[in-house]
Amino acid sequence: MIQRIQTIFLLIVGLAMLVFLFAPLWQKVDTNSGASYTLTAFYLETVTSPEEGVKNEFSPYVIPGILGLLSVCVSFIAIGMYKKRMRQIVFATINSLLIGTALGLSAYWATQAEGNFLPGIQGSYSYGLFLPAISLVFNSLAVRFIRKDERLVRSMDRLR
């Protein structure tokens, strides 16, 4: 049954992690010199001056992006496994680990960047950093409702 509430929760997880892939996580801008730093799920974008242009640094900042991409795939695979609830629980649990790791690494690199670049200026965390946390909540709700369905089906099997 694809119309279950956990399907909606897993869809929200997939969409939130998809937006996480393209959203900025952290930004810092110096208005005097024109320098700016933007951290996304895949790279750290550096503009030291308007004349030099944009430099993207991928290593090691690409890891949360890869984990987020895997999380999107796992959540959509879990939606398709509605007939096999125990396997769906396993996929959702793996998804929680992927999301938690992506969130932890993103938060770590955002706080590291805060101290390393333009030390006298305050940076700002963007909405992209909070999307994995929202996904984690909805993923745990999905697991809860999948387990509830599994208990209901097992109790009906006892009545037969």
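Biologist: Which strands does helix H3 (residues 85–116) lie across, and at about what angle does H3 run to E1?

Modeller: A word on the basis comes before the answer: this is a predicted model, in which local features need pLDDT of at least 70 and side-chain atom pairs count only at pLDDT 80 or more, while totals for chains, interfaces and linings use all residues. Residues are numbered from 1 along each chain as its sequence is written, and side-chain values use heavy atoms, with hydrogens and water left out.

Helix H3 lies across E1, E2 and E5, running at about 5° to E1. Here axes are lines fitted to C-alpha atoms, for helices over the stretch in contact (heavy atoms within 4.5 Å), and angles run from 0 to 180 degrees between N-to-C directions. Helices (H or I, at least four residues) and strands (E, at least two) are DSSP runs, numbered from the N terminus.

The strands themselves belong to an open sheet of five, in the order E4-E3-E2-E1-E5 with antiparallel pairing, where two strands pair if DSSP finds at least two bridges between them. Its edge strands are E4 (55–57) and E5, each of which pairs on one side only. Strand E1 (residues 24–29) pairs with E2 (residues 36–40) over five bridges, with Gln27 opposite Thr38, and the two form a hairpin with six residues between them, in whose turn Gly34 has a positive phi of about 85°. E1 also pairs with E5 (residues 124–125), over two bridges, and there Trp26 stands opposite Tyr125.

Trp26 and Leu39 are also among the residues that touch the most other members of the largest nonpolar core, which has 23 residues. Such a core is a set of buried Ala, Val, Leu, Ile, Met, Phe, Trp, Tyr and Cys residues joined through side-chain atoms within 4.5 Å, buried meaning under 20% relative accessible area with a 1.4 Å probe and protein chains only. The largest share of this core, six residues, comes from H3. Not counting residues up to four places away in sequence, Leu39 touches residues including Trp26, Leu44, Ser106, Trp109 and Ala110.

Finally, the unreviewed UniProt entry annotates residues 89–110, among other stretches, as "transmembrane region", although such annotations may be inferred rather than shown by experiment. Over residues 89–110 the chain is 100% helix and 0% strand, with the end C-alpha atoms 31 Å apart.

Key: Buried < 20%, exposed > 50% of the residue type's maximum accessible area, 1.4 Å probe, protein only.
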